[in-house]
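Here is a short briefing to read with the structure open beside you.

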Amino acid sequence: MTSNDTTTGKPTMTALTQDTLGDPGVLREAELPRPEAGVGQILVAVHAAGLNPTDWKHRESGLFLGTPPFTLGWDVSGVVEAVGLGVSLFSPGDEVMGMLPYPYGAGSHAAYVAGPARAFVPKPAQLSHVEAGALPLAALTAWQALVDNAQVQPGQRVLIHAAAGGVGHLAVQIAKARGAYVIGTASTAKHDLVRGLGADEVIDYRTADFTAETRDIDVVLDSLGGENCLRSLEVLRPGGILVSILPEKWSQVPGRAAELGVRATFMLVEHDQAGMAAVAALAASGQLRAHVAQTYTLAEAAKAHAEGETGHVTGKLVFDIRP
């Protein structure tokens, strides 16, 4: 996973990179310089790293990262290789998990990555690296949406769209851990999984209209955007809140929310050690688990991205970098 550059003698590593924007075929493995732990950073030997929709969006459009070359990936589970000046929380050999600062801290789809020490927490011993690597970005998104923004309380009615998806299946579990009554939307084939995660009701979005099936909802978590986001406002009780993690048609949402007497907010996930620690604690207690649909090697990156882009993945896809 690491070697030395024959010209400079400095360590290199295997990493995914791309020279142009485009379809999954632009991804390639390459030997790149191994990063170093800077001030306040740790260098992590990456054992597993999840994939998220933002990865294929950046691969295709550049989104926040702009023009390639770049290495994608924000999820990390691995072992501390080295610590930078001033780091006191971790030591080499510690097993950690975390999310690199979004969006500009990408780079975990590689053998090594450096990031702020406070983007990481100890990996729960109960979790494998693959299980831990599936959690950070999606679980933090769900936590920040439901806890930081919506402040979900026991007994509240929470509607989670795409409840079998990467964010959705973790949001179901977080909402249940908060004592909420959880309603999820998913295709019929995924209902048993969603109920097994704790959902009290599951609506088949293909055969039923959720606006006719639900009412008096306290919190909606929308990961679909567009018309679905607008229609979700209709099922909220007065004073209820919609949290969206996709910006499509967002400009229409605040005005409509005001007309209906409900609240709406759009958010992007942020690296957050306190939130990551809360996620890790839920996982350690057995209240939160990632459903890993499939693992891939870095050499199978194009296949992994193509599968993710189908939009029908149940749970998470993960790169198993050190099997």
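What covers the buried residues of helix 10? The cover includes strand 2 (11-17), strand 4 (41-51), helix 1 (53-61), strand 15 (292-296) and strand 16 (316-320). Please keep in mind that this is a predicted model. Several of these elements come back below, so the points are grouped by topic.

**Helix 10 and His-305**

- Helix 10 spans residues 301-308, and its buried residues are Ala-301, Ala-304, His-305 and Gly-308.
- Viewed down the helix axis, these buried residues fall within an arc of 95°, so they line one face of helix 10.
- His-305, found in helix 10, has a relative accessible area of 1%. Buried means under 20%, so His-305 counts as buried.
- Setting aside residues up to four places away in sequence, His-305 touches Pro-24, Leu-27, Leu-51, Asp-55, Trp-56, Arg-59 and Leu-72.

**Strands around the helix**

- Strand 16 is mostly covered, with four of its five residues buried.
- On strand 16, two pairings can be followed: strand 4 pairs with strand 16 in the antiparallel sense over four bridges, while strand 15 runs parallel to strand 16 and is joined to it by four bridges.
- To find these pairings on screen, look for Ala-49 opposite Phe-319 in strand 16, and for Thr-295 opposite Val-318 in strand 16.
- Strand 4 also pairs with strand 7 (112-116), again in the antiparallel sense, over five bridges. Here the bridge partner of Leu-43 is Ala-114 in strand 7.
- Four of the five residues of strand 7 are buried, so strand 7 is largely enclosed by the rest of the structure.
- Strand 2 has six of its seven residues buried, so strand 2 too is largely enclosed by the rest of the structure.
- The partner of strand 2 is strand 3 (residues 28-33), and the two pair in the antiparallel sense over six bridges. In this pairing, Thr-14 has Glu-31 in strand 3 as its bridge partner.
- As background for reading these strands, side chains in a regular strand alternate between the two faces of the sheet.

- Helix 3 (136-149) is mostly covered: twelve of its 14 residues are buried.
- Among the buried residues of helix 3 are Pro-136, Ala-139, Trp-143, Gln-144 and Val-147.
- Just after helix 3, Gln-151 takes a positive phi of about 50°.
- Leu-288 sits in the loop between helix 9 (273-284) and strand 15. Is Leu-288 buried or exposed? With a relative accessible area of 2%, Leu-288 is buried.
- Apart from its neighbours within four places in sequence, Leu-288 is in contact with Leu-135, Ala-139, Leu-170, Gln-173, Ile-174, Val-279, Leu-282 and Ala-283.

**The largest pocket**

- The largest pocket holds about 1,200 Å³ of space.
- Its lining is made up of 49 residues, and those nearest the centre are Pro-53, Lys-57, Ser-223, Ile-245 and Leu-246.
- Which element gives the largest share of this lining? Helix 1 does, with four residues.
- Elements that each supply at least two lining residues are helix 1, helix 3, helix 4 (166-177), helix 7 (226-232) and strand 16.
- By class, the lining of the largest pocket divides into 27 nonpolar, 15 polar and seven charged residues.

**The second largest pocket**

- The second largest pocket has a volume of about 180 Å³.
- It is lined by 16 residues, of which Gly-105, Ala-106, Gly-107, Val-113 and Ala-114 are the closest to its centre.
- Strand 2 and strand 7 each supply at least two residues of this lining, and the largest share, five residues, comes from strand 7.
- The lining of the second largest pocket has eleven nonpolar residues, five polar and no charged.

Conventions:
Residues numbered from 1 in each chain as written. Predicted model: local features only at pLDDT ≥ 70, side-chain atom pairs only at ≥ 80, totals over all residues. Heavy atoms only, no water. Buried < 20%, exposed > 50% of the residue type's maximum accessible area, 1.4 Å probe, protein only. Arc of directions from axis to C-beta. Contact = heavy atoms within 4.5 Å. 1 Å grid on protein atoms, 1.4 Å probe; cavity = no way out; pocket = protein on both sides within 12 Å on 5 of 7 lines; lining within 4 Å. Points joined across faces, edges and corners; volume = space filled by probe spheres on them. Nonpolar A, V, L, I, M, F, W, Y, C, P; charged D, E, K, R; others polar. Pairing = 2+ DSSP bridges.
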